[in-house]
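This report covers selected local features of one protein model. Please keep the sequence and the structure in view while reading.

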Amino acid sequence: MKKIAFFLLVFSLTVVTAVGKTKRSPLQLWPDGTEISAWFADTSRVDVSGLKHYDVTDYGVDRYADGVQTKELQAVIDRCASEGGGVIVIPRGTFLSGSLFFKPGTHLLIEEGGELKGSDRIRDFKIVKTRMEGQTLDYFAALVNADGVDGFTITGPGTINGNGQKYWEEFWIRRKYNPQCTNMEAMRPRNVYISNSKNVTVQDVKIINSPFWTNHLYRCENVRYLGCFIYAPTENVTPVDPRRGGPSTDAIDLDVCSNVLIHGCYMHVNDDAVVLKGGKGTWADKDPNNGPCRNIIIEDCIYGKVHGCLTLGSESLDDRNVILRRIHVKSATRVLWLKMRPDTPQHYEYVTVEDITGKCGSFLVVRPWTQFFKPEAREDMPLSQCNNIVMRNIKMDCKNFFDVGTSDKYRLKDFTFENINVGDETDAFDKAMIENTTVKNVIINGKSR
């Protein structure tokens, strides 16, 4: 907890100094030239003070209980919904729970010093029809669930703590015993799962230590994440191997979502930070449960240690109009990662990455992704493609700025590199590898390219 407190202090100071003084970008158009809605310029907080508040300790939930209080907490949510809606308040203290299901008209407020803490026993999480890894299936519900809850809000400054330690240990033991063990075979809940909802806001809350993905949104529209602190440890979670962190703890997974703003957040997790998903498999484009991601902006964020700042894949079909801008990276393995599955028809287009500073392993990565993939025969299999990808105003120290591989399974075209000044240990930049590459004012290791 001391490490988390340190990160929180650094986050609060860094947001003021590195983000608070930054002018908003003059960019008013999406990468494809269409107009960005004024909705994306609004980072004001949702005010829930006018709604009826349901402090859970006023309705039979014990602030000092040692065991799970899932039943008691759910009863407060149900009562709130039946009485016309309002705000479920988690006051100061720690409240242990399994899966909770929010209903239309209900919201969640976690006060200063309050903690909604997940049970470390998987039996406390219901098996429901849900979405995981690009599939619709029966799996464990999250700690906080909201399906079909338009206008849903989660408000801090308190904490959603997934209590992932035992789940992480069990995962790495399984993986050591069976290196082919998949992510889902080690049974783990997520922290937050919001689905089929519009006008969602998650603001000023700490979401930490998730056993699996930290935030997962499926078929949601008009979503804002504002000023959130999202954290999972990146090492020392198991005696099996001290280098291991909390596995698969993605910060925010956007699965068939549109109109999403992630603003002023801190992300430090042992996997990718913001990930676009939508389905996987040879016939994924024919499955009505799958679909595209559209109109995503990630801005003014601070990244601690992550595998990828912005990742398209590994379960993704069709992503368009994505902007990553004005971020500072402390230690990312990759900044922009385009995962190309040989078994899935994929199209990533109109992605802009701009005004990036810090340090990373690889800046741009385009490579085949073959973890647990299952190719099938399909005569009309579309050729995957990445096009109209723009990287500009980049100043970073990189181990490999241009980590790109070609394949007969995908086509790369219309990439732009502009106003770039990077250190690059590998020095592998080769514009000829991508069709119709534009290079303007690119300096690598002090030399113009």
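## Backbone with positive phi

N445 sits in the loop between strand 28 (438–444) and strand 29 (447–448); helices (H or I, at least four residues) and strands (E, at least two) are DSSP runs, numbered from the N terminus. The model is a predicted one, in which local features need pLDDT of at least 70 and side-chain atom pairs count only at pLDDT 80 or more, while totals for chains, interfaces and linings use all residues. Residues are numbered from 1 along each chain as its sequence is written, and side-chain values use heavy atoms, with hydrogens and water left out.

Although N445 is not a glycine, its phi is positive, at about 55°. N445 has a relative accessible area of 38% and is therefore partly exposed (buried means under 20% relative accessible area, exposed over 50%, partly exposed in between, with a 1.4 Å probe and protein chains only). R326, also not a glycine, has a positive phi of about 50°. R326 is placed in strand 24, and it counts as buried because its relative accessibility is 9%.

## Cis peptide bonds

G156 and P157 are joined by a cis peptide bond with omega of about 20°. P157 belongs to the loop between strand 10 (153–155) and strand 11 (159–161).

Another cis peptide bond, with omega of about 5°, links G313 and S314. The loop between strand 23 and strand 24 (318–340) holds S314.

## A buried loop residue

D300 is located in the loop between strand 22 (293–299) and strand 23 (302–312). Its relative accessibility is 5%, so D300 counts as buried. Along the chain D300 and I262 are 38 residues apart, and their C-alpha atoms are separated by 8.5 Å.

On a 1 Å grid over the protein atoms alone, a cavity is a set of points where a 1.4 Å probe fits but cannot get out, and lining residues have an atom within 4 Å of a point. Grid points are joined across faces, edges and corners, and a volume is the space filled by probe spheres set on the points.

The largest cavity has a volume of about 30 Å³. Its lining consists of L73, I77, I88, I90, L100, F102, L108 and L116. Helix 2 (70–82), strand 2 (86–90) and strand 4 (100–102) are the elements that give two or more residues to this lining. By class, the lining has eight nonpolar, no polar and no charged residues (Ala, Val, Leu, Ile, Met, Phe, Trp, Tyr, Cys and Pro count as nonpolar, Asp, Glu, Lys and Arg as charged, and the others, Gly among them, as polar).

Key
1 Å grid on protein atoms, 1.4 Å probe; cavity = no way out; pocket = protein on both sides within 12 Å on 5 of 7 lines; lining within 4 Å.
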